Amino acid sequence: MYSAFSLGITNLPKIFCETSQKLLNVEAFTLAAKYYSVQNLGICTPFEQLLIALQGSKHQNIGKNITPNEFMNMKKSHEVQAMSELIFSIADYYGLKQVIDLGSGKGYLSSFLSLKYGLKVYGVDSSNTNTHGAKERNRKLKKHWKHYHTQSRIDVNELALRMTKERKVKTEIKHKVDIEEVFDSSPRNQEMIATSDILTDYSSSVISNFRKQMENLQVQPHEEENLSFENDFPLIDLLPINAIEPNSSLQIPNREMSEAHKARRKMTSKSNEPCIYSPLTSFITADSELHDIIKDLEDCLMVGLHTCGDLAPNTLRIFTSKSEVKGVCSVGCCYHLLSEEFEDQPKECPQEKWGFPMCSYLKEERWCCGRNARMSACLALERVAVGQGLPTESLFYRAVLQDIIKDCFGITKCDQHIGKIYSKCSSFLDYVRKSLRKLGLDESKLPEKIIMEYYDKYKPRMNELEAFNMLKVVLAPCIETLFLLDRLCYLKEQEDIAWSTLVKLFDPVTSPRCYAVIALKKQQ
């Protein structure tokens with residue numbers, strides 16, 4: 001890899017004019033942005049390498065029947081599957097059973113963690129609507145879980161029936177062979193012995209399949225000898241009553257079982273119930289007291305999948321300040337909603353802990369990005385690179401609308417938002433009318449002719465807008481890197497942190513905000 005110096009891209013005057021600040025060299029600008037993006041700095045820990053380090057020689061064989069794409073869309077499924085595996089590996093490494101999911105939203109990650117991995121999860125979200133929706137999803141997911149479990153039981157029952165029939169046939173054949181061995185040594189006897197050998201091999205494969213099916217049921221773990229078919233009692237306790245033929249050699253008279261067998265079956269039955277997570281409603285800040293939110297708080301892992309704005313840095317602050325939180329795995333998003341300490345703020349703003357910056361160095365430098373840079377950080381370069389381009393026309397509509405509002409209504413700043421109404425509009429005229437109504441402005445002041453004059457005036461400059469937005473897209477990973485490194489450096493400054501890193505968890509085309517900040521505390 002070429003260094004930034006060998007490419008000459010650190011010499012900013014060659015990229016921007018010192019006096020006018022205009023861009024002089026687009027290629028140098030692109031190379032500089034690429035070089036200083038997180039994927040080229042060599043600071044990330046590879047995802048697979050981290051899993052191997054956490055899991056060691058363990059082989060995770062939990063809940064293989066359950067896949068997230070049956071409960072959520074492709075993007076969310078991709079995110080949940082990758083992040084849940086990592087979270088479980090960290091929790092298992094530390095021996096943790098409790099997980100706190102901040103900004104849990106509709107509960108996709110939380111429910112999957114508890115359903116597949118058996119973790120005790122508290123999903124905390126500031127929206128009552130999300131909490132209610134998460135509870136409803138829990139109810140539906142529980143039904144799905146029972147369906148999978150029932151289907152697996154049916155498959156096991158069928159295998160058990162086949163197995164007992166084959167065992168009965170094998171026993172009868174062996175009995176005949178034993179008799180004939182005494183009275184006859186004819187070729188027919190040799191043929192019968194060969195048949196017995198074949199059945200023995202086939203039954204072994206059935207037993208192997210049966211064991212695999214049993215492992216997928218997530219029942220109480222049993223030692224290998226408990227699945228032995230030479231001892232009838234352990235096997236019969238693993239199967240439902242209707243899985244055994246009335247006259248089977250496995251049948252125990254009156255289904256009498258020892259107390260130990262009954263207790264084991266009771267535990268197995270209880271383990272069939274999924275550990276559905278608990279959705280809670282609470283607005284989280286850096287100073288939130290976890291014991292007030294979670295009554296049975298214990299040593300835990302704190303996670304967040306696409307925690308919005310300041311919630312991502314606040315997640316890291318809670319992790320560093322609460323002794324019960326032993327690890328953190330946080331994927332942030334919505335950089336445009338971050339609060340900045342050194343941005344011009346209203347005098348009455350009482351905030352003490354800001355979203356950016358977090359680390360000492362940037363605080364000392366009084367670093368400020370500004371809203372435009374934060375908005376740019378949200379753009380998805382990888383998506384644009386594969387042809388999922390920017391919505392140029394909708395951006396053009398919005399830019400012209402802003403000029404119309406400034407000229408015709410004298411408004412230069414507005415806290416109201418028109419939202420995503422472009423897809424609901426049939427034309428630029430329709431877009432302007434709906435936007436003005438949403439902003440509470442008198443649309444009668446603007447006849448159609450004036451609106452269309454603005455459109456015709458700026459239409460030839462649409463290519464300029466597209467080029468400008470492409471430059472913003474190229475710069476996006478570089479700005480995002482600044483936010484990620486700020487958070488990582490903050491963790492590196494803490495004395496009780498044993499290890500911290502950035503991990504690329506997701507495919508950036510599927511999920512553009514793909515980097516997780518991960519840290520583990522020193523074990524006592």
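At 29% relative accessibility, Asp296 counts as partly exposed, a class that lies between buried (under 20% relative accessible area) and exposed (over 50%), with a 1.4 Å probe and protein chains only. The residue belongs to a predicted model, in which local features need pLDDT of at least 70 and side-chain atom pairs count only at pLDDT 80 or more, while totals for chains, interfaces and linings use all residues. Residues are numbered from 1 along each chain as its sequence is written, and side-chain values use heavy atoms, with hydrogens and water left out.

Asp296 sits in the loop that leads from helix 10 (290-293) to strand 4 (300-308); helices (H or I, at least four residues) and strands (E, at least two) are DSSP runs, numbered from the N terminus. With neighbours within four places in sequence set aside, Asp296 is in contact (heavy atoms within 4.5 Å) with Gln98, Lys120 and Tyr122. The C-alpha atoms of Asp296 and Gln98 are 9.8 Å apart in space, although 198 residues separate the two in sequence.

Seven strands form an open sheet in the order 3-2-1-4-5-7-6, with mixed pairing; two strands pair if DSSP finds at least two bridges between them. Strand 3 (278-281) and strand 6 (497-504) are the edge strands, each pairing on one side only. From one strand to the next, the twist averages 15°, where axes are lines fitted to C-alpha atoms, for helices over the stretch in contact, and angles run from 0 to 180 degrees between N-to-C directions.

Eight of its nine residues are buried, so strand 4 is largely enclosed by the rest of the structure. Strand 4 pairs in the parallel sense with strand 1 (residues 98-102) over four bridges, and Asp101 stands opposite Val303 of strand 4. With strand 5 (residues 325-333), strand 4 also pairs in the parallel sense, over eight bridges; here Thr307 stands opposite Gly332 of strand 5. Strand 1 in turn runs parallel to strand 2 (residues 120-125), joined by five bridges, with Val99 opposite Val121.

Helices cover these strands. Helix 5 (residues 108-117) packs on the sheet, touching strand 1, strand 2 and strand 4, and its direction makes about 175° with that of strand 2. Helix 4 lies across strand 1, strand 4, strand 5 and strand 7 (515-521), and runs at about 160° to strand 4.

The largest nonpolar core has 72 residues, of which Met83, Leu86, Ile100 and Leu505 touch the most other members. Such a core is a set of buried Ala, Val, Leu, Ile, Met, Phe, Trp, Tyr and Cys residues joined through side-chain atoms within 4.5 Å. Helix 4 (residues 74-94) gives the most to this core, with nine residues. Beyond residues up to four places away in sequence, Met83 touches Leu109, Val303, Gly304, Leu305, Cys329, Val331, Leu505 and Phe506. Another core lies apart from the largest one and has 24 residues, including Phe396, Tyr431, Val432 and Leu446.

Some backbone details also deserve a look. Most residues other than glycine have a negative phi, and most peptide bonds are trans. His306, in strand 4, has a positive phi of about 55° although it is not a glycine; at 17% relative accessibility, His306 counts as buried. Arg366, in the loop between helix 12 and helix 13 (371-377), likewise has a positive phi, of about 50°, but counts as exposed at 57% relative accessibility. A cis peptide bond with omega of about -5° joins Phe356 and Pro357, and Pro357 is found in the loop between strand 5 and helix 12 (360-364).

Over the protein chain, the secondary structure comes to 18 helices and seven strands, and 45% of the 524 residues count as buried. Of the contacts between residues at least 6 apart in sequence, 72% join residues at least 24 apart.
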